[in-house]
Amino acid sequence: MPHNIAMHTSAQPDPQRLALQVSELGKRVSLPSGALTILEGVGFSIAAGDTVAIIGASGSGKSTLLSLMAGLDTPTTGSVLLDGEPLSSLDEDGRARVRGEKVGFVFQSFQLLPSLTALENVMLPLELRGDADVETPARAILDKVGLGERLGHYPRQLSGGEQQRVALARAFVTRPAVLFADEPTGNLDTATGQSIVELLFSLNADAGTTLVLVTHDEHLAARCGRRLRLDGGRLVTGQGKPS
C-alpha cells in the first residue's frame, strides 16, 4: 500500500477514543541507601488528538513518566494503555513493535544518527517499519519543514535549529498516533526555539496527532490544551481548557 504523504486538516481531540490511559503508575528503583520512589499513584487519560504538557520542577519525575508512557521503561506498579495497547504487559519486543507503529519522539538532544544524511535519518523509521516507499514521504516532510535543499547534509553540517527540524520530520513521517516531545527547545536559543515550537504545533495540528510534551517552560506548556503538573513524583494538578 503506498504511503500517504498528504497531511490531514486540523483535527479536534476525540474524547470517545483514548490515546493514553495511565492507571496508578509507580516507579521505584533500588539504591545502596534503599528504595527510591520516582513516581507514585499517577493516573490520567488523554483523548486522541489532545495536546498535553507535563510540567514540574527538575527531579519531579517528568522524563520518567514519559519513558513509561512510551514503553521505553516498565513501571513498578500500575499500567499504561497506548492507543489500546497494554504496554505494561508486553515484553521488550512487543513494546518496540508498538513504538514503531504508533509513537514518534522528539528529544532535547536531537538524537540524529551522525553517519546518516538528513534524508536518511528521516527515512530510517519507515525502513524499520518495512514500508515499500521510504524516500517519497521523507522528502515530502523535509520539504514541509523547510529543509528541501539540505537533504544530503549530515547533522554536523546543520545548525541546532535545522537538526531539530530534521528530528521533527523524522517524528512525524510515520504519522504516529502519539508524539512524545521531551524539552524540544532545551538546546536552542530563544528565537530558534520559538520557530521550532510553531513548527511542532503546526505539524501536530495538520496530522491530528496526540502530543505529549515534557517541559519546564510555562509559556510552551500554555500552548497545550491541558497541563499535568508533577511534584515529588505525584500528580498534583491536571489543568485543562474546555474543548
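Me: Which residues is Lys27 in contact with, leaving aside neighbours within four places in sequence?
Reply: Leu36, Thr37, Ile38, Leu39, Thr64, Leu68, Asp73, Thr74, Pro75 and Thr76. Contact means heavy atoms within 4.5 Å. This is a predicted model, where local features need pLDDT of at least 70, side-chain atom pairs count only at pLDDT 80 or more, and totals for chains, interfaces and linings use all residues. Residues are numbered from 1 along each chain as its sequence is written, and side-chain values use heavy atoms, with hydrogens and water left out.

Me: Is Lys27 buried or exposed?
Reply: Lys27 counts as buried, at 11% relative accessibility. The cut-offs are under 20% relative accessible area for buried, over 50% for exposed, and partly exposed in between (1.4 Å probe, protein chains only).

Me: Which backbone oxygen lies 2.8 Å from a polar atom of the Lys27 side chain?
Reply: That of Thr74. Lys27 itself lies in strand 1 (residues 14–31). Strands are DSSP runs of E, at least two residues; helices are runs of H or I, at least four; both are numbered from the N terminus.

Me: New topic. Where is Gly61?
Reply: In the loop between strand 3 (51–55) and helix 1 (62–69). Gly61 is buried, with a relative accessible area of 7%.

Me: What does Gly61 touch, not counting residues up to four places away in sequence?
Reply: Ile38, Leu39 and Leu230.

Me: What about phi at Asp83?
Reply: Positive, near 50 degrees, and Asp83 is not glycine. Most residues other than glycine have a negative phi. Asp83 sits in the loop between strand 4 (77–82) and strand 5 (85–86). Asp83 is partly exposed, at 22% relative accessible area.

Me: And what is phi at Glu183?
Reply: About 45 degrees, again positive. Glu183 is in the loop between strand 7 (178–182) and helix 6 (190–207). At 11% relative accessibility, Glu183 counts as buried.

Me: Pockets now. How much space lies in the largest pocket?
Reply: About 470 Å³. A pocket is an open set of points on a 1 Å grid over the protein atoms alone, where a 1.4 Å probe fits, with protein on both sides within 12 Å along at least five of seven lines. The volume is the space filled by probe spheres set on the points, which are joined across faces, edges and corners.

Definitions and conventions: On a 1 Å grid over the protein atoms alone, a cavity is a set of points where a 1.4 Å probe fits but cannot get out, and a pocket is an open set with protein on both sides within 12 Å along at least five of seven lines; lining residues have an atom within 4 Å of a point. A polar contact is a pair of N or O atoms within 3.5 Å; within protein, one must be able to donate a hydrogen and the other to accept it, and residues adjacent in sequence count only if both atoms are side-chain atoms.
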